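These are my notebook entries on one model. I set down what I looked up, topic by topic.

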Amino acid sequence: MNETMKQRGANASVIREIFEYAKIRKSQVGEDGVYDFSIGNPSVPPPVAVTETLKELVCDEKIHGYTASAGDPSVRRAIAEYINAEYGADERAERIYMTCGAAASLAITLRALCNEGDEVIVFAPYFPEYAVFIEAAGAKCVAAKPDLKTFEPDLDDLRAKITGKTRAVIINSPNNPTGVVYSEKTIRAIASVLRERSAEYGDVYLISDEPYRELVYDGAKTVYVPAYYDKTVVCYSFSKSLSLPGERIGYIDVTSGCSDDVFYAVCGAGRSLGYVCAPALFQFLAARVIGMTSDLSVYERNRRALYAALTGYGYEVAESKGAFYLFVKSPSGDAREFYERAKKHDVFIVPSDSFGLGGYARVAYCVSEKQVADSLPAFRKIIEEYGERNGRTQ
Ligand code: PLP
């Protein structure tokens, strides 16, 4: 047996553990008494057009067979055409590889790019599964520091951490867990560091993990990353934009600045991992509904309400303009203690240590507006208790 795999399976992710515990509490005290902000499971239903198209497709006897390993050509064409129209890009259908969501997109891409002993840089705080996928590809996960004021990457640290072993850098904007949307200036600056270091050490690829691409608020815009750095591989998923996380559908775009060999490596990695022919029903669905999103206005209202209330109570919260997460500083600086104290009020948040940075907690606000409103007195009580412990009332 493979010991590493056994350990991975036996030790569930912290997020899932908290989510499961919140479910137990709901069965004990009732749904309304538990404020579960643990997991990024969209609460908003998929667009009606999505469910209607699905009903139509499911009855189409012709679409349930195997597709090509990389996906049905007409689906890949529809996706490339959409990207080109939306971003003024020049991507090719032949370079799109359909996957079971962003997780599979990342696992395949990392396997395609890395050799044993390579390094991949991520920015703390980061999606914990990055480390799992990087290690599975035989590489080492190297975390670069964030700028703690903006939660954008610290570029000096990035520059210092790129060595001859660095094969790729992963970015994720809009970001899980901070909700931060990288500015154009930041993307430009990251690209410039990568170009500078690639000239010294050979190609460093940029993997742009974009499951939250459409989830931006207050006029924020996501930048089309390949326009700034040509060795970019985009890992996309329909999980969040269409509220279909359980259906497992996404794609890899080996963008036009990468060589054909990178796409062959993606096909080889997909094959060796058994990730071929993503679910046909959802491939065809994706092609038909591309560009649609669920009603994202609920997240926008939740974000506003929570941000205003939490900062009003005295919490420090990162300025979030995207995804559906708030990154809240622990009033004592201890993430685990914050989580434990919140748990006593049946408020479930995720301590930031699991994202590779101590001192904060992630609040996933992809929940009902009622849950947000009902949870506010508990959030107030939690910070008040910190004040009482310090001998003062807030
Ligand atoms: N990347 C990030 C940053 C995520 O937050 C998630 C899921 O929450 C994924 C990748 C995986 O997405 P998917 O459900 O499409 O596999």
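**Entry 1: the sheet.** I took helices (H or I, at least four residues) and strands (E, at least two) as DSSP runs, numbered from the N terminus. Two strands count as paired if DSSP finds at least two bridges between them. The model is predicted, so I kept to its thresholds: local features need pLDDT of at least 70, side-chain atom pairs count only at pLDDT 80 or more, and totals for chains, interfaces and linings use all residues. Residues are numbered from 1 along each chain as its sequence is written, and side-chain values use heavy atoms, with hydrogens and water left out.

I traced an open sheet of 7 strands with mixed pairing, in the order β2-β8-β7-β6-β5-β3-β4. Its edge strands are β2 (96-99) and β4 (140-144), each of which pairs on one side only. Within the sheet, I looked up β6 (residues 205-209) and β7 (residues 232-237), which pair in the parallel sense over 4 bridges. Ser208 has Val234 in β7 as its bridge partner.

**Entry 2: the domains.** Domain bounds come from an automatic or database domain assignment. For the protein chain, the assignment gives domain 1 (3-46 + 295-393) and domain 2 (62-289). I noted that their C-alpha centres lie 27 Å apart.

**Entry 3: the interface.** With contact meaning heavy atoms within 4.5 Å, 31 residues of domain 1 are in contact with 30 residues of domain 2. Buried area is the accessible area (1.4 Å probe) that two parts lose on being put together, summed over both. Between domain 1 and domain 2 this area is about 2,400 Å², and carbon and sulfur atoms give 62% of it.

I then searched for salt bridges (a side-chain nitrogen of Lys or Arg within 4 Å of a carboxyl oxygen of Asp or Glu). The rule finds 3 of them across the interface of domain 1 and domain 2. I also looked up the salt bridge in which the side chains of Asp218 and Arg304 meet, at 3.1 Å, N to O. The elements giving two or more residues to the side of domain 1 that touches domain 2 are α11 (297-313), β9 (325-329) and β12 (360-364). The largest share of that side, 4 residues, comes from α11.

**Entry 4: backbone geometry.** Where are the cis peptide bonds that I looked up? One joins Ala124 and Pro125, with omega about -10°; Pro125 is in the loop between β3 (119-123) and α6 (129-136). Another joins Ser173 and Pro174, with omega about -5°; Pro174 lies in the loop between β5 (166-171) and α8 (184-201). Finally, I recorded Phe151, which has a positive phi of about 60° although it is not a glycine.
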